[in-house]
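Let's take a friendly walk through a protein model together. Keep the picture in view while you read, and look up each residue as it comes along.

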Amino acid sequence: MSWITPHSFFSLEWDEWASIIAILGAIIIILRWLLTRADKELFDPIRHQLQGVNESLREFYNRQSEVEIRLEEDDKEFIHHDERLKDHERRITSLEEEHRK
């Protein structure tokens, strides 16, 4: 193993390895900072807008379900009134026929 000596590793001195690691660490830290900042700058407004859209959609769906419930109740009431109207018409027709006799 001639490539490892007490003072080198892959034919680089230990201080050179320390410099490489320090440079790579600094690059990684800068990239993380840039990505975090870009995330906040670029995507936070989009996130806020999407939250607003989500809230609007939730409110729309809630109102839609309330409307459907009211529509079902009104349909039942309409059917009830329609049946009462038909019953009244039968009674009136019956009374008219009795009165003619």
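## Pairs along the helix

With a relative accessibility of 29%, aspartate 87 counts as partly exposed (buried means under 20% relative accessible area, exposed over 50% and partly exposed in between, with a 1.4 Å probe and protein chains only). Its partner is arginine 91: the two form a salt bridge whose closest N and O atoms are 3.4 Å apart. A salt bridge here is a side-chain nitrogen of Lys or Arg within 4 Å of a carboxyl oxygen of Asp or Glu. Both arginine 91 and aspartate 87 lie in helix H1, four residues apart, or about one turn of the helix.

What else does helix H1 hold four residues apart? Arginine 63 and glutamate 59 both sit there with that spacing, again about one turn of the helix. Their side chains meet in a salt bridge of 2.7 Å, N to O. Arginine 63 counts as exposed at 52% relative accessibility, while glutamate 59, at 41%, counts as partly exposed.

Side chains of opposite charge can pair when their charged atoms come close. How many salt bridges does a search of the whole structure find? It finds five. One of them joins aspartate 39 to arginine 47, with the closest N and O atoms 2.8 Å apart. Aspartate 39 is partly exposed, with a relative accessible area of 28%, and arginine 47 is partly exposed as well, at 38%. Through shared partners, salt bridges link Asp39, Asp44 and Arg47 into one network.

## About the model

This is a predicted model, in which local features need pLDDT of at least 70 and side-chain atom pairs count only at pLDDT 80 or more, while totals for chains, interfaces and linings use all residues. Residues are numbered from 1 along each chain as its sequence is written, and side-chain values use heavy atoms, leaving out hydrogens and water.

## The overall form

From the N terminus on, the order is β-β-β-α. The radius of gyration of the protein chain is 41 Å, well over the 13 Å that the globule rule gives for 101 residues, so the chain is more spread out than a compact globule. That radius is taken over C-alpha atoms, and the rule is 2.2 Å times the number of residues to the power 0.38.

Along the principal axes, the C-alpha atoms fill a box of roughly 130 × 35 × 10 Å. Of the 101 residues, 1% count as buried.

## Patches on the surface

Which residues form a nonpolar patch on the surface? They are Ile20, Ile23, Leu24, Ile27, Ile30, Leu31, Trp33 and Leu34, with about 760 Å² of accessible area together (by the Shrake-Rupley method with a 1.4 Å probe, where for residues only the protein chains shown count as cover). Tryptophan 33 has its place in helix H1.

Glu68, Glu72, Glu73, Asp74, Asp75 and Glu77 form a negative surface patch. Patches are made of residues with over 30% relative accessible area and no salt bridge, joining like charges within 9 Å and nonpolar side chains (Val, Leu, Ile, Met, Phe, Trp, Tyr) within 5 Å. Aspartate 74 lies in helix H1, which covers residues 14–100, and counts as partly exposed at 43% relative accessibility.

Technical notes:
Helix = DSSP H or I, 4+ residues; strand = E, 2+ residues; numbered from the N terminus. Lys, Arg positive; Asp, Glu negative; His and termini not counted. Charge placed at Lys NZ, Arg CZ, Asp CG, Glu CD.
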